[in-house]
Amino acid sequence: MHPQILRAAPGNCPICGMALERTVPLATPEDSTRGIRRRFTACAALTAPVVAIAMGPHMLGLHGPEAWLRIAPWVQFLLATAIVLWGGGSFFARAWRSLWPWRPNMYTLIALGTGVAWAYSVLAVLAAGVFPVGFRDAAGRVDLYFEAAAVIVTLVLLGEWLEQRARQSTGAAIRALLSLAPPRAVRMDAGGREEEIELAQVHVGDRLLIRPGAKVPTDSVVLEGTSSVDESMLTGESLPVDKGRGDRLIGATINQAGALVVRAERIGADTLLSQIVHLVSRAQRSHAPAQRLADRIAAWFVPSVIAVAMIAAASWAILGPSPPFAHALIAAVSVLIIACPCALGLATPLSILVASGRGAQLGVLFRDASAIESLRQIDTLVLDKTGTLTEGRPRLGVLSPAANGEESELLRLAASLEQSSEHPIARAIVHAAQERGLKLSSAEEFTSLTGQGVRGRLEGRLIAVGNAALMTLVGAPVPADVESQAATLRDGGASAFFVAIDSKYAGLLSVADRVKETTPAAIAALRRAGLRLVMLTGDHAGTAARIAQELGIGEVIAGVRPEQKGAVIEKLRRSGRRVAMAGDGINDAPALAAADVGIAMGGGTDVAMQSAHVTLVKGDLNAILRARELSSATVKNIRQNLFFAFAYNALGVPLAAGLLYPFTGWTLSPAFAAAAMSLSSVSVVLNALRLSRAVS
């Protein structure tokens, strides 16, 4: 309820008095309800005879002998005192802390109502003669309200027990994530010997063996083997993903088919699983904009309730039936108990807590509560091209050797030379050769020529890979028909390169970034959802136009520098649009931060993820639809909770004060007020838990 309160150990919030929650739940849930369950059970057993003694004469006409009538008040006194001071002792302690500094809360009202009923009754037992006529019934007796104090404490304990049991379920999503990581891993040394070790002993660079059916120990890259991996628990993707050499694995996913040898790349807090847990727990501790209304009301709520209780007591004392002061006491206690603001305080944070966990299960991570609430209002989605619409991983396209040349030999020589380069296009060529099982050689005299390509000596031959300018430089002019073919490839968005061997033209290569398999369907669905789609990219206009035409995106802004992307977003916002920006690179960070909602693709850079409000773990645009649906469901759930809380107080307080008594003769006893207060909190918790099943 108050995320700004952080403590190193368990305790109670100094503002609202409620038990503090762990910032990250334990993987194995702790039974935090054991103590309160024990207190409730004991208090319920002690309350039953108190109620029987107090209500028996009224309900069953059983008064008992004269000796019992003298003993009965003392029995009630002893039992009720044990209930109030032992069972409700924590309520009074938290109420006292709320007064210094002045921060009245729900426990202030509970302690005040319970304490008044108990203290009044104690005084009536110990010194009945001090009460004037206005406190006595027709027989001259002073009524006791031990049963009201006992029932209030018992029902509040019941409400807290039920509420804590329900709230334990709100951390289920994070606990499920924490339990995914395997406790052990199999490490392989240089000689291939296997050793089973604890997960904490894994270091970056270790070679790990992942057998079929085993969980991936940590974020890693495949060195040997092929398999399919189930990533559904982290990404929401139901179909297994094929993995081979060079592919990345997410820790805690499940290897299904073949054995894999991998290299550990991220461990501990750096893994994607740890980052997900961190983001979800941070979102759960944040304030949603809707919470501001509850906060403003809570600031004056408790003093107002105390004022209403005093007005009700005065009205009953002056205008009420006999005995007027006894009725005044009951009305005041009922108002104090029924108006406890716990339901109002829980309404928003519990919905955010459950929604954040549900988002993690769907592969959608929200940075804070504001992002959850804002996403449903988006009407314009701006999309980066590379890594967002496309795979962001160039792949080999055309492979065309010169006359009498062989494709495999052309690719082998080009990849052997390019393996010394770190350029993404070079890695695409090397990856293609590795996929075909080609054996690469080491290059000598390797040279990278900026803006032209690379060259070096390989197996005694001079090899060059690059553009036409490099071919001219090494004395291997490109035939006119090949140059024309290369121009056509470039117009289509691919990068075309030439290969020369010993100053003779040897062939043509092209590398292109492909549209993700899931992108066309996602774009179509986003368009059907009524979103205005805009492509914003730093790439060439021709390449951007080709991708946009393929996907049916009507608006394209190409050739934009990183610092200009933020300005484009601001322009759209000034025109009245609610803008979301989806991107994955460092160059997208300014635009992600400038948007109403920044959406980072999970496979992108850390800078992009830190700048964004939402992260799609799988990097699949379909998740935006799920995120918007979850956003709408969450806001609806928050409104329902706030309605329950407001309606409950709007109806309950006047009824407890006796506003309907002149018309209907209805009044509300403190016991019923306590039951209604507890049920209101439980109803809010149960309603929030419905979000754990929201969005398929």
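## Salt bridges

A salt bridge is defined here as a side-chain nitrogen of Lys or Arg within 4 Å of a carboxyl oxygen of Asp or Glu. By this criterion the structure, a predicted model, holds 21 salt bridges. One of them joins the side chains of Asp206 and Arg187 (3.2 Å, N to O). Asp206 lies in the loop between strand 2 (194-198) and strand 3 (207-210), and Arg187 in strand 1 (residues 184-188), so this pair ties together parts 19 residues apart in sequence. Helices (H or I, at least four residues) and strands (E, at least two) are DSSP runs, numbered from the N terminus.

Another salt bridge joins the side chains of Glu194 and Arg211 (2.6 Å, N to O). Glu194 belongs to strand 2 and Arg211 to the loop between strand 3 and strand 4 (219-224), so parts 17 residues apart in sequence are tied together. Relative accessible area (1.4 Å probe, protein chains only) classes residues as buried under 20%, exposed over 50% and partly exposed in between. Asp206 is buried, at 14%, whereas Glu194 is partly exposed at 41% and Arg211 is partly exposed at 40%.

## Helix 19

The buried residues of helix 19 (residues 541-551) are Thr543, Ala544, Ile547, Ala548 and Leu551. Seen down the helix axis, they fall within an arc of 130° and so line one face of helix 19; the arc is that of the directions from the axis to the C-beta atoms. Exposed Ala541 and Gln549 sit on the face turned away from the buried side. The cover over the buried residues includes helix 13 (385-389), helix 18 (519-528), strand 18 (532-536) and strand 19 (555-557).

Arg546 is partly exposed, with a relative accessible area of 27%. Just after helix 19, Gly552 takes a positive phi of about 80°.

## Overall content and confidence

The chain contains 25 helices and 22 strands, and 50% of its 696 residues count as buried. Its average pLDDT, the predictor's confidence in each residue from 0 to 100, is 82, with 86% of the residues scoring at least 70. Mean confidence is lowest in helix 22 (residues 606-611), at 60, and highest in strand 11 (residues 380-383), at 94.

## Basis of the values

Residues are numbered from 1 along each chain as its sequence is written, and side-chain values use heavy atoms, leaving out hydrogens and water. Local features need pLDDT of at least 70 and side-chain atom pairs count only at pLDDT 80 or more, while totals for chains, interfaces and linings use all residues.

How values were computed:
Contact = heavy atoms within 4.5 Å.
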